[in-house]
Amino acid sequence: MADLAKIKELVVKLEIDDIEKAVKDALDAKIPAEEILKALSDGMTDVGKLYEQKEYYLPELVLAGECMNTGIALLKPFLKAGRSSKGTIVISTVKGDLHDIGKNVAATLLTSAGFNIIDLGKDVEPKDIVAAVKKNNADMVALSSLLTMTVVEIENVAKALKEAGLRDKVKIICGGAPLNQELAEKLGADYNCDDAPQGVEVATKIMAAKGGAAPAAKKEAKPAAAKKEEAKAAPAKKEEAKPAAEPKKAAAKPAAGKKKK
Ligand code: B12
């Protein structure tokens with residue numbers, strides 16, 4: 001039986017043995033991979049709530065993570081079929097952080113949108129990110145941080161890129177619940193993304209502004225110089241920095257505050 005509600009339920013009930021078949025059945029039934037990915041993510045959201053309510057503990061989170069990652073791996077080929085590269089993104093979860101589900105969802109959607117994704121995994125050292133940027137001539141670095149204590153690693157990545165003379169060459173986009181636009185900028189990143197679809201939107205705008213292969217986005221991303229002028233005219237507003245948990249569909253906000261490069 002191919003059923004999205006069932007897939008969500010399998011994640012919530014931690015039925016790791018049944019996930020693979022359910023996702024394959026859904027693909028066989030021609031349910032779009034994007035919808036299946038959403039069902040998996042919705043299941044994970046419920047698991048997070050159960051953890052917060054102390055109904056689930058760490059072992060359950062680990063199992064739920066395995067369910068998600070099993071499903072994402074099966075969906076990947078269906079999400080990227082027939083697309084050409086729009087730009088290269090080095091993506092990872094920051095050093096000290098083992099949460100990779102949000103990063104994997106972002107990597108999967110970005111791949112599906114046509115970006116060339118170099119996925120370094122989780123708990124990644126800044127020097128490895130710098131090396132991957134050099135090796136792949138990357139346009140962007142995408143970072144995920146779910147832990148409050150690891151968001152500082154974004155700053156370390158920005159510093160390492162600067163020391164390597166690469167900071168002006170790449171944009172840094174990031175995501176994760178502890179982050180918002182204001183904090184992301186303070187840490188030296190260019191954009192915070194509340195969710196993976198916003199990551200696609202932002203990356204597309206960045207490439208359009210670079211004059212890259214990306215098709216024009218609905219709203220053109222502004223080059224850094226223009227953003228700095230805007231910042232002088234209108235200093236960063238607290239409310240612009242939305243917490244990641246907030247349901248959103250608003251366009252990504254360009255950096256409005258002081259940019260640290
Ligand atoms: C699953 C989980 C785990 C699993 C992770 C498994 C895995 N393979 O990832 C395990 C069990 C390993 C784990 C461990 C820990 N966890 Co944990 N974990 C969670 C949980 C329940 C869900 C996270 C998740 O995957 N959500 C689903 C994904 C899809 O959402 P997401 O990651 O937020 O990503 C979305 C957006 O943020 C965004 N996004 C994220 N990254 C990026 C990157 C880019 C580039 C873009 C564009 C977008 C983007 O897009 C995604 C959706 O579209 C959260 C609670 C929660 N409700 O979030 C706690 C949570 C994150 N964990 C927490 C904690 C404290 C821990 C531990 C310290 C627990 C412990 N005592 O050991 C350890 C830390 C281990 C470590 N060093 O990293 C806290 C963090 C608190 C904080 N602010 O610091 C949370 C919030 C739980 C809580 N309420 O206390 N955890």
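Me: Helices are DSSP runs of H or I with at least four residues, numbered from the N terminus. With that in mind, which residue comes just after α9, and what phi does this residue take?

Reply: This is a predicted model. Just after α9 sits glycine 211, with a positive phi of about 75 degrees.

Me: How do you know that the reach of α9 is close to the expected one?

Reply: α9 spans residues 196-210, 15 residues in total. The expected span is 1.5 Å times one less than the number of residues, which gives 21 Å here, and the helix reaches 21 Å from its first C-alpha to its last.

Me: What makes α9 "mostly covered"?

Reply: A residue is buried if 20 or more other C-beta atoms lie within 10 Å of its own, and 12 of the 15 residues in α9 are buried. Among them are Val200, Val202, Ile206 and Met207. The cover includes β1 (88-93), α5 (101-112) and β5 (191-193).

Me: Why is asparagine 116 called partly exposed?

Reply: Asparagine 116, in strand β2 (residues 116-119), has 17 C-beta neighbours inside 10 Å. Buried needs 20 or more and exposed needs 12 or fewer, so a count in between is partly exposed.

Me: What makes the α1 and α3 pair a contact, and which residues meet?

Reply: Contact needs C-beta atoms within 7 Å. Leu4, Ile7, Lys8, Val11 and Val12 in α1 meet residues in α3 including Ile36, Leu40 and Met44.

Technical notes:
Residues numbered from 1 in each chain as written. Predicted model: local features only at pLDDT ≥ 70, side-chain atom pairs only at ≥ 80, totals over all residues. Helix = DSSP H or I, 4+ residues; strand = E, 2+ residues; numbered from the N terminus. Contact = placed C-beta atoms within 7 Å.
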